[in-house]
Amino acid sequence: MASKISPLQTIAAGFAQPACRRAPRFILPFCSQSQPSSRRRISSSRAPQEQQAVSNSIPRWQQTPPAMKAPVRLRESPNKTEFKVNSDPAVLDNFYVRMLGQNGDKLLSEEVKWQAVTHKSFDQGRRGFNDRLAYFGKQIILLQASLALVQNPTAYAQPSKPDPFERLPYDSAALKGLEVLSQNTRSQLTRKKQMSALARHYGINEVMRWVPRMQHDLTESGVDTIYTHAMYAVIGAIALEHGSKVANEIVRDRILKPLGFQIGGSA
């Protein structure tokens, strides 16, 4: 007599057996074969490389770096004539010869010579500008001006005003000559009007690269400040490339003496 098996026992026996299933045939090729990862292929062309080589051969002072150009112009072109500046290296060399003396055009490298006479308003500052060189050169000129005042204090001494209470200031031999180190004495001899006139004498107006705010009025556009900073920048560039000794000699001979300083000896 056959034993009867209940439906619950049949279901329990099915769960007790290990599950052994065979994957469908259409899945096997995808599981057995490793698919290569899709990679994006970029076709290499020689045109961009050739353009990059051409742009690298042109110095920065002569062109705007391609990487600093916007793909589209956000503002419309202004309806005004372009302010013409010098682009001839021979004219620039003549300026350096007039300012620095014989072989003055060979003291600085080609790129630095153009950077020293380039204001940040020119080409939006994308070709380099002279702000940092001017700051460094200004400190050198002011230091040499202070030394010139101390070395010859009698030439710049100003008569003291009488004291209404008949008081006498402290007098010491070690302190004689220090009264000429006032801000007024030094600023009167090195103010930007005189520095700008000296820069024009050397011909910096022929080589300065900048864009004035008002082309019809250069004075209101700050031309005196622009020329003075360019003179500072030339001195700063010389100090960086040739050291303080050469820069100090040029400051005393080519700037301070024409401005009226009495240079007693080498500092």
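Predicted model: local features only at pLDDT ≥ 70, side-chain atom pairs only at ≥ 80, totals over all residues.
User: How many helices and strands does the protein chain have?
Analyst: The protein chain has 10 helices and zero strands. Helices (H or I, at least four residues) and strands (E, at least two) are DSSP runs, numbered from the N terminus.

User: How much of the chain is buried?
Analyst: Buried residues make up 31% of the 267 residues. Buried means under 20% relative accessible area, exposed means over 50%, and partly exposed is in between (1.4 Å probe, protein chains only).

User: Which residues have the most contacts inside the largest nonpolar core?
Analyst: F95, Y96, M99 and I255 do, in a core of 47 residues. A nonpolar core is a set of buried Ala, Val, Leu, Ile, Met, Phe, Trp, Tyr and Cys residues joined through side-chain atoms within 4.5 Å.

User: Which helices supply it with at least two residues each?
Analyst: Those are α4 (89-100), α5 (110-116), α6, α8 (192-202), α9 (223-242) and α10 (244-259). The largest share, 12 residues, comes from α9.

User: Why would nonpolar side chains be buried together?
Analyst: In soluble globular proteins, they tend to be.

User: OK, what does I255 touch?
Analyst: Not counting residues up to four places away in sequence, I255 touches M99, I141, M195, L198, M231, I235 and I250. Contact means heavy atoms within 4.5 Å.

User: M195 is in α8, so which residues of α8 are buried?
Analyst: M195, S196, L198, A199 and Y202 are buried in α8. They lie on the same side of the helix because they cover an arc of only 160° around the axis. The arc is that of the directions from the helix axis to the C-beta atoms.

User: What do they pack against?
Analyst: The buried residues of α8 pack against α4, α6, α9 and α10. On the face turned away from the buried side, α8 carries the exposed residues K193 and H201.

User: What comes just after α8?
Analyst: G203, which takes a positive phi of about 90°.

User: New topic: how many salt bridges are there?
Analyst: The count comes to 11 salt bridges. A salt bridge is a side-chain nitrogen of Lys or Arg within 4 Å of a carboxyl oxygen of Asp or Glu.

User: What does D224 pair with?
Analyst: D224 forms a salt bridge with K193, the closest N and O atoms being 3.0 Å apart. D224 lies in helix α9 and K193 in helix α8, so the pair ties together parts that are 31 residues apart in sequence. D224 is buried, with a relative accessible area of 12%.

User: And E206, what does its side chain meet?
Analyst: The side chain of E206 meets that of R98 in a salt bridge (3.4 Å, N to O). E206 lies in the loop between α8 and α9 and R98 in helix α4, so this pair ties together parts that are 108 residues apart in sequence. E206 counts as partly exposed, at 43% relative accessibility, and R98 also counts as partly exposed, at 34%.

User: Back to the surface: which residues form a nonpolar patch there?
Analyst: V150, Y170, L175, L178 and L181 form one, with about 500 Å² of accessible area together. Patches are made of residues with over 30% relative accessible area and no salt bridge: like charges are joined within 9 Å, nonpolar side chains (Val, Leu, Ile, Met, Phe, Trp, Tyr) within 5 Å.

User: Where is Y170 found?
Analyst: Y170 is in the loop between α6 (131-151) and α7 (183-189). Y170 counts as exposed because its relative accessibility is 70%.

Notes
Residues numbered from 1 in each chain as written. Heavy atoms only, no water. Areas by Shrake-Rupley, 256 points an atom, 1.4 Å probe, with all protein chains shown as cover.
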